Amino acid sequence: MELGEASHLQPPSPLPAGSVALRAAPARRLCTDCGVSRMAEPSLCATACQFIRPDHDALERRVHGRARRTDDDERFFGVSRGMWRARMRAPAQGAQWSGITTALAARLLETGEVDAVLTVRPDPADRWRPEPVIVRSAGDLAACRGMRMGFAPLLAMIEPAIAQGIRRLAVIAIPCQVHALRALEARLGLEELVVIGTPCSDNTSTENFHRFLARLDPDPASIAYLEFRADYQVELRHDDGRRRTIPFIKLPISELGDDFFPTTCRTCVDYCNSLADVCVGYMGGSGRQWVIARNARGERLLDGLGDALERDAPRSAGSRAGAVRGFMRNLERAAGGLPLRRAPDWIRGLLAWLMPRVGPRGLEFARARVEMKAVESIIHLRMKHPRRLRAMVPDHVWRLARPYGLHPEEHERARAGGASPAVRRTPNAT
Ligand SMILES: Cc1cc2nc3c(=O)[nH]c(=O)nc-3n(C[C@H](O)[C@H](O)[C@H](O)COP(=O)(O)OP(=O)(O)OC[C@H]3O[C@@H](n4cnc5c(N)ncnc54)[C@H](O)[C@@H]3O)c2cc1C
Ligand code: SF4
Ligand code: SF4
């Protein structure tokens with residue numbers, strides 16, 4: 001069973017203050033439990049879901065007023081009015097990077113521009129499990145900082161928020177949540193909706209993530225922080241203050257099994273959160289954060305942080321083509337049932353040393369990751385859900401995969417307006 005198939009959908013646990021008891025999630029096939037299926041009308045999934053009948057291009061035009069350009073970096077990263085390497089001058093305690101995301105949301109509460117922020121915090125019983133929460137005061141947002149691996153039914157909190165009288169809302173969310181939110185935005189009747197997004201890739205269930213942690217350290221319970229950095233290292237921080245880095249190439253990913261990453265996250269086509277007002281990540285940040293203001297609201301939000309936010313022009317170095325080709329060859333071998341080629345230890349050591357020095361860096365690293373994701377989504381969908389390609393893969397993703405020899409067959413080509421009739425006849429609910 002895929003992760004996106006109900007197995008991870010837990011009944012709502014008893015929730016502390018700020019949280020709300022949620023309905024149980026009905027079973028869905030490809031699903032990251034964004035929360036729509038737990039709303040009063042679970043059938044809204046058919047309209048909202050990026051795995052059913054998405055229309056990325058139309059939503060992009062509606063939210064940002066235009067389509068992405070195809071002749072510059074927008075073809076990788078989506079509509080943008082400005083893109084920076086950035087960090088908070090005073091990095092926030094507990095933040096995943098320097099805390100730009102939380103600072104943006106906190107300011108909205110402090111200035112009274114929104115009544116509440118919808119985000120996730122650590123489940124009290126498991127700090128790696130994201131738990132949705134409605135936050136009303138800037139101070140309470142501090143407890144939500146940091147990254148958790150897993151899926152949270154964030155959007156199910158919107159109806160309780162509206163029932164509490166909230167009409168001006170900010171939401172911090174990952175791309176699959178933002179797609180559904182934007183698709184439903186018009187019917188929510190909010191006076192103001194501000195969307196602060198982060199990129200997202202390679203998410204998995206919190207249970208699977210614990211298996212991964214157990215392979216990284218003899219005392220996995222002591223790991224308080226993990227990040228896949230843009231210098232090809234995973235950084236771990238422990239409760240006792242220990243810090244450690246492991247080169248990507250030495251990670252035990254191939255030991256985790258084929259089902260470690262769910263089909264949803266292997267086929268998701270919106271790495272850079274293209275429908276958020278502002279996107280806050282790290283991939284193009286060369287060791288700092290990387291922010292994209294997608295529209296005037298996003299630009300205002302970033303300007304609102306004033307001097308507290310340090311920004312400069314993104315850097316770029318190296319060439320991505322070889323890295324993307326190597327990644328694609330491995331995917332194709334795996335798709336054909338062949339074992340992944342693993343280099344001998346000494347070569348892996350050499351590569352671990354070389355990649356941060358000569359591999360794609362800065363924006364080129366981010367472009368490489370976006371192209372890898374495009375290639376992975378297409379190859380994986382062809383293997384697992386070929387009939388969904390037409391509905392799920394927009395033209396701009398096919399364009400990214402084209403230099404690597406991936407072209408849509410006639411029956412795979414995206415149609416304007418979302419899904420093909422064939423896909424419409426394939427309901428997501430099981
Ligand atoms: C599963 C996952 C994968 C990611 N992959 C990438 C990537 O490949 N490349 C990249 O550039 N950035 C990625 N990010 C974003 C990155 O890890 C940081 O969250 C981002 O750079 C913001 O850092 P910050 O210091 O500004 O955030 P903070 O101020 O620490 O705030 C982080 C916010 O993210 C929210 N959050 C944490 N976990 C989740 C979750 N599971 N679901 C929804 N919201 C959550 C928190 O509640 C908090 O509001 C990913 C994030 C997640 C959750
Ligand atoms: S919209 Fe999609 S991801 Fe969200 S609950 Fe429905 S099926 Fe799951
Ligand atoms: S990788 Fe995509 S589908 Fe998976 S959690 Fe992140 S945004 Fe959602």
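Two residues are taken to be in contact if their C-beta atoms, placed from the backbone, lie within 7 Å. The structure described here is a predicted model. By the contact criterion, and not counting residues up to four places away in sequence, Val278 touches Leu104, Ile196, Val291, Ile292, Ala293, Arg294, Gly298, Leu301 and Leu302. Val278 also belongs to the largest nonpolar core, which has 102 residues. Within this core, Val278 is one of the six residues that touch the most other members, alongside Ala105, Val117, Leu118, Ile196 and Val291. Helix 13 (residues 363–384) gives the core its largest share, 11 residues.

The strands include an open sheet of 8 members in the order 3-2-4-5-9-10-1-11, and its pairing is mixed. Strand 3 (126–135) and strand 11 form the edges, each pairing on one side only. On average, neighbouring strands of the sheet are turned by 25 degrees against each other, with direction ignored.

Strand 1 (residues 82–88) is mostly covered, with 6 of its 7 residues buried. On the strand 11 side, Arg85 has Asp312 as its bridge partner, and Arg87 has Glu310.

Helix 11 (residues 321–335) contains Met328. This residue counts as buried because 20 C-beta neighbours lie inside 10 Å, where the cut-off for burial is 20 or more. Neighbours within four places in sequence aside, Met328 is in contact with Val375 and Tyr404. Met328 and Ile379 are separated by 51 residues in sequence, while their C-alpha atoms are 8.7 Å apart in space.

The shell around ligand 1 consists of 32 residues, of which Trp97, Thr101, Thr102, Thr198 and Gly281 are the closest. Two or more residues of this shell come from each of helix 5 (100–110), strand 2 (116–123), strand 4 (168–173) and strand 9 (278–281). Helix 5 provides the largest share, 3 residues. Classified by residue type, the shell around ligand 1 holds 17 nonpolar, 13 polar and 2 charged residues.

Ligand 3 is surrounded by Thr32, Ile174, Pro175, Cys176, Cys200, Ser201, Asn203, Thr264, Cys265 and Cys268. Helix 7 (175–188) and helix 9 (263–266) each contribute at least two residues to the shell around ligand 3. This shell has 6 nonpolar and 4 polar residues, and no charged residues are present in the shell around ligand 3.

Notes:
Residues are numbered from 1 along each chain as its sequence is written. Chains are lettered from A and ligands numbered from 1 in the order in which they are written. This is a predicted model: local features need pLDDT of at least 70, side-chain atom pairs count only at pLDDT 80 or more; totals for chains, interfaces and linings use all residues. A residue is near a molecule or strand if its C-beta atom, placed from the backbone, lies within 6 Å of it. Helices (H or I, at least four residues) and strands (E, at least two) are DSSP runs, numbered from the N terminus. Ala, Val, Leu, Ile, Met, Phe, Trp, Tyr, Cys and Pro count as nonpolar, Asp, Glu, Lys and Arg as charged, and the others, Gly among them, as polar. A residue is buried if 20 or more other C-beta atoms lie within 10 Å of its own, exposed if 12 or fewer, and partly exposed in between; C-beta atoms are placed from the backbone. Two strands pair if DSSP finds at least two bridges between them. A nonpolar core is a set of buried Ala, Val, Leu, Ile, Met, Phe, Trp, Tyr and Cys residues joined through C-beta atoms within 7 Å. Axes are lines fitted to C-alpha atoms, for helices over the stretch in contact, and angles run from 0 to 180 degrees between N-to-C directions.
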